Amino acid sequence: MSEGDAPLILTAELPPELHRRFTDLRTQHFPPERNYLEAHVTLFHALPAQCEDEARRYLARLVGEVPPIEGRVEGLMSLGGGTAIKLSSPDLLALRDEIAEHFRGMLTKQDQHRPRLHVTIQNKVTSKEAKALQAELSGLIEPREFAFPGLALHIYRGGPWEFVRRFAFRGK
């Protein structure tokens, strides 16, 4: 992957307390040789690199009209070979749909579909290891309401993501 074609990743930011808690869980349970990232909620995995300037302008304009978006921690979610925290937010998915429509024709197959909102805390382990962690955490991850404070844009270069910009929701 050359410097100019590294895809863009768009995430929804978690409130600081949840971000810290879920990052701590990732640190404890994600295989350390592959744990380059803090807790995150991926909305798009690979917006085209050539869209970076457009994405910056579009997202800056968009977040000015959007208040912090309600979300909910639902509990644990099995990833087969991993474990995640399941989230729900109809309003965040609606905003994601709006962004997807803006970039229609430029999205990868994966990004053409609505994601299941989640924070991965363990991945690429055996099913047995994943089930053991889910049993261990059962009852510790309780449903609760929160608000997503904004979005963040990153560049994917094969390992740790390069932070580009935060877009705080500023609407009323």
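These are my notebook entries on what I looked up in this predicted model.

**Ground rules**

I am working with a predicted model, in which local features need pLDDT of at least 70 and side-chain atom pairs count only at pLDDT 80 or more, while totals for chains, interfaces and linings use all residues. Residues are numbered from 1 along each chain as its sequence is written, and side-chain values use heavy atoms, with hydrogens and water left out.

**Entry 1**

Five of the five residues of β1 are buried, where buried means under 20% relative accessible area, exposed over 50% and partly exposed in between, with a 1.4 Å probe and protein chains only. I noted that L8, L10 and A12 point one way from the strand, whereas I9 and T11 point the other way. In a regular strand the side chains alternate between the two faces of the sheet.

I then looked up the neighbours of β1, counting two strands as paired if DSSP finds at least two bridges between them. With strand β2 (residues 41-47), β1 pairs in the antiparallel sense over four bridges, and L8 stands opposite L47 there. With β7, β1 is joined by five bridges, again running antiparallel, and L8 stands opposite I155 in that strand.

**Entry 2: H154**

Is H154 buried or exposed? I find H154 in strand β7 (residues 150-156), and it is buried, with a relative accessible area of 12%. Leaving out residues up to four places away in sequence, H154 touches P7, L8, I9, T11, W161, E162, F163 and V164, contact meaning heavy atoms within 4.5 Å. I also noted that the C-alpha atoms of H154 and E52 are separated by 9.7 Å, although these residues lie 102 residues apart along the chain.

**Entry 3: the four-stranded sheet**

Next I traced an open sheet of four strands in the order β5-β4-β3-β6, with antiparallel pairing. Because β5 and β6 stand at the edges with a single partner strand each, one side of each is left without a neighbour in the sheet. From one strand to the next the twist averages 35 degrees; for such values, axes are lines fitted to C-alpha atoms, for helices over the stretch in contact, and angles run from 0 to 180 degrees between N-to-C directions.

Within this sheet I checked strand β3 (residues 69-78) against strand β4 (residues 83-88), and they pair in the antiparallel sense over six bridges. G75 stands opposite K86 in β4. Helix α4 (residues 127-137) packs on the sheet, where it touches β3, β4 and β5, and its direction makes about 110 degrees with that of β5.

**Entry 4: helices α2 and α3**

I looked up how helix α2 (residues 52-63) meets helix α3 (residues 90-102), and their axes come within 12 Å and cross at roughly 145 degrees. From α2, the residues E54, Y58, L59 and L62 meet L95, E98, I99 and H102 of α3. By class, this contact has five nonpolar, one polar and two charged residues, with Ala, Val, Leu, Ile, Met, Phe, Trp, Tyr, Cys and Pro counted as nonpolar, Asp, Glu, Lys and Arg as charged, and the others, Gly among them, as polar.

**Entry 5: salt bridges**

How many salt bridges does the structure hold? I recorded nine, a salt bridge being a side-chain nitrogen of Lys or Arg within 4 Å of a carboxyl oxygen of Asp or Glu.

The side chains of E17 and R144 form one of them, at 3.0 Å from N to O. Since E17 lies in helix α1 (residues 16-29) and R144 in strand β6 (residues 144-148), the pair ties together parts that are 127 residues apart in sequence. E17 is partly exposed at 44% relative accessible area, and R144 is also partly exposed, at 29%.

R114 and D97 meet in another salt bridge, at 2.7 Å from N to O. R114 lies in the loop between α3 and β5 (118-122) and D97 in helix α3, so this pair ties together parts that are 17 residues apart in sequence.

R157 forms a salt bridge with E162, the closest N and O atoms being 2.7 Å apart. Finally, I noted that salt bridges with shared partners join R72, E74 and E145 into one network.
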